Amino acid sequence: MLLREGFRWFMDQLNDDAAVVGERRLSPAAAIVLSHLDPAGSRPADVARSMGVSRQHVHTVVRELTDAGVVNTVPDPVSRRDRLVVLTAHGNARRLRAVARLAALEAEVGQTIGLPDLDRLHYILTRLWGPGRTPDPLPHDAGERDKGSRHE
């Protein structure tokens, strides 16, 4: 729950910044899809697979991003059946601003909790969900084991 609240805080900050410069607010789902896009273009099916969601969900979010002028879809040069989702110039500029703003927000968090705690948080989150890790890093019975140990 706390991780979700942290994500919401970051999203609210990014959306508030976007609104100041006249850009449309994006849903959390749109932000996540954007983070999964390859700069050279991505097939919606590949984005869905990397996110662990349905292609239909990704297509719905791509429509939101298209309406906001952040992405376009273009024919896939490798497969006639597929289309690629690519950032527009506006979308790329927005992504670059968001990356810079996220770095500033992370620094703000560091000032609030202290750099040693920020480093520790980064270390823990990387161990749990960093490159090569599964989305569910804990054994499924760990929660039950923890519950039992509290009652003993």
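In this predicted model, the axes of helix α5 (residues 89–113) and helix α6 (residues 115–129) come within 6 Å and cross at roughly 125°. Axes here are lines fitted to C-alpha atoms, for helices over the stretch in contact, and angles run from 0 to 180 degrees between N-to-C directions. That makes α5 oblique to α6; angles under 35 degrees count as roughly parallel, over 145 as roughly antiparallel, 65 to 115 as roughly perpendicular, and the rest as oblique.

Who touches whom? On the α5 side there are Glu 106, Val 109, Gly 110 and Ile 113, and they meet Leu 115, Asp 117 and Leu 118 in α6. Contact means heavy atoms within 4.5 Å. By type, the residues of this α5–α6 contact split into 4 nonpolar, 1 polar and 2 charged. Ala, Val, Leu, Ile, Met, Phe, Trp, Tyr, Cys and Pro go down as nonpolar, Asp, Glu, Lys and Arg as charged, and the others, Gly among them, as polar.

Now for Asp 76, which sits in the loop between β1 (71–75) and β2 (83–87). Asp 76 is buried, with a relative accessible area of 6%. Buried means under 20% relative accessible area, exposed over 50%, and partly exposed in between (1.4 Å probe, protein chains only).

| Partner of the Asp 76 side chain | Distance |
|---|---|
| Arg 43, side chain | 2.6 Å |

Setting aside neighbours within four places in sequence, Asp 76 is in contact with Arg 43, Asp 82, Arg 83 and Leu 84.

Over in helix α4 (residues 55–67) you'll find Thr 60, which is partly exposed at 43% relative accessibility. Thr 60 and Ala 30 are 30 residues apart in sequence, and their C-alpha atoms are 9.4 Å apart in space.

Zooming out, the chain has 7 helices and 2 strands, running α-α-α-α-β-β-α-α-α from the N terminus. Helices (H or I, at least four residues) and strands (E, at least two) are DSSP runs, numbered from the N terminus. Of the 152 residues, 24% are buried.

A few bookkeeping notes: residues are numbered from 1 along each chain as its sequence is written, and side-chain values use heavy atoms, with hydrogens and water left out. Local features need pLDDT of at least 70 and side-chain atom pairs count only at pLDDT 80 or more, while totals for chains, interfaces and linings use all residues.

Technical notes. A polar contact is a pair of N or O atoms within 3.5 Å; within protein, one must be able to donate a hydrogen and the other to accept it, and residues adjacent in sequence count only if both atoms are side-chain atoms.
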